[in-house]
Amino acid sequence: MIVTIIGTGLIGGSLAITLREKGVADKIIGVDQHAEHLQRAKELNIIDDGMPLNEALQCSDLVILAIPVDAVLQVLPELMDKVRPNQVIMDVGSTKQKILQLVAGHPNRGRFVAAHPMAGTEYSGPDAAIRNLFTHKTMVLCDVKNSDDDALEMVEDMVDKLQMRTVYMNGEEHDLHTAYVSHISHITSFALALTVLKKEKESGRIFELASGGFESTVRLAKSSPDMWVPIFKHNRGNVLDVLDEHIHQLQQMKSLLENEDYDTFYKLIQKSNKIRKILK
């Protein structure tokens, strides 16, 4: 099988590495607007060749869009117009509703499979690509009832060989739940980094004291704005909803500290500890 991956960064590059290792792809073609990314991906043996999109589409069995959501919305219509009956197009974007709305009703809709691997790191670019990024992680497949049986089967088989769990949702469910388990984590990390950077101007000793707890909490703030601004833009409503609740919880804790109500604060922390039963 010949696989074209549009976007040779963390997700696209890691997919390429694993698809090759698992024997899913006989040849991997890279497409990227950054020529230096294609060159680096070839140097790292992530891809076999780099091509313009139209040329790659002509010889591919599976085309994977591993680019920011804004870019997916620009590129996908052209792919849907040109896809052949034996080809499959798949995206791995972090939001789904806008993408699914874009392809709804298209005569070639059945050749498209909407997916989101719940995996990643805070790094970007071809050098960020790593082996086993997806092992035992979750792949969300959305609105599969609108994909052709053979197209869905190809993607499901690939997900199985990646050793991932498969979860099925509609686009609305996906965007809601990812706002709560992924997007809020990133926006909170960005805010924490800005808070500490502001204080750093006042006290140069903060980073000298920063330890594992701080590093793990603020790690996501290293993530690329090229990826995350489009995510916040396209999932704005859900992100605002979860932000409102998050701000409410912070304000509650602030009020308890102001009033020196440590008993209630203790109970709140106890309540938060219930997350241990979910995340082990």
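In the predicted model described here, helix α4 (residues 69-82) packs with helix α10 (residues 225-234) at an angle of about 80 degrees. Helices α4 and α10 are therefore roughly perpendicular to each other. Their axes lie 7 Å apart. On the side of α4, the contact is formed by V69, D70 and L73, while α10 contributes P230, I231, K233 and H234. By class, the residues of this α4-α10 contact comprise four nonpolar, one polar and two charged.

Residues Q252, M253, L256 and L257 of α11 meet Y262, T264, F265 and L268 of α12. The contact of α11 with α12 holds six nonpolar and two polar residues, and no charged ones.

The loop between α11 and α12 contains E260. The phi angle of E260 is near 55 degrees, a positive value in a residue other than glycine. Most residues other than glycine have a negative phi. With a relative accessibility of 56%, E260 counts as exposed, because the threshold for that class is over 50%. A positive phi, near 65 degrees, is also found for H136, again a residue other than glycine. Residue H136 is placed in the loop between β6 and β7, and its relative accessibility of 53% classes H136 as exposed.

Helix α11 also includes V239. Apart from residues up to four places away in sequence, V239 touches A179, H183, I187 and F232. Between V239 and G30 there are 209 residues in sequence and 32 Å in space, taken from C-alpha to C-alpha.

At the level of the whole chain, the domain assignment gives domain 1, covering residues 2-169, and domain 2, covering residues 174-277. The centres of domain 1 and domain 2, taken over C-alpha atoms, are separated by 31 Å. Contact between them involves 18 residues of domain 1 and 19 residues of domain 2.

The nonpolar interior was examined next. In soluble globular proteins, nonpolar side chains tend to be buried together. The largest nonpolar core of the model consists of 38 residues, of which I5, L15, L19, I64, M90, L141 and M158 touch the most other members. At least two residues of this core are supplied by each of the helices α1 (10-21), α2 (35-43) and α6 (149-161), and likewise by each of the strands β1 (2-6), β4 (62-65), β5 (88-91), β6 (112-118) and β7 (138-142). Helix α1 gives the most to this core, with six residues.

The surroundings of M90 illustrate the packing in detail. Once neighbours within four places in sequence are left aside, M90 is in contact with L62, V63, I64 and L65, with F112, V113 and A115, and with M139, V155 and M158. A second, separate core holds 33 residues, including L53, A56, V140 and I184.

Definitions and conventions. Residues numbered from 1 in each chain as written. Predicted model: local features only at pLDDT ≥ 70, side-chain atom pairs only at ≥ 80, totals over all residues. Heavy atoms only, no water. Axes fitted to C-alpha atoms, helices over the stretch in contact; angles between N-to-C directions. Helix = DSSP H or I, 4+ residues; strand = E, 2+ residues; numbered from the N terminus. Parallel < 35°, antiparallel > 145°, perpendicular 65-115°, else oblique. Contact = heavy atoms within 4.5 Å. Nonpolar A, V, L, I, M, F, W, Y, C, P; charged D, E, K, R; others polar. Core = buried A, V, L, I, M, F, W, Y, C linked by side-chain atoms within 4.5 Å. Buried < 20%, exposed > 50% of the residue type's maximum accessible area, 1.4 Å probe, protein only. Domains from an automatic or database assignment.
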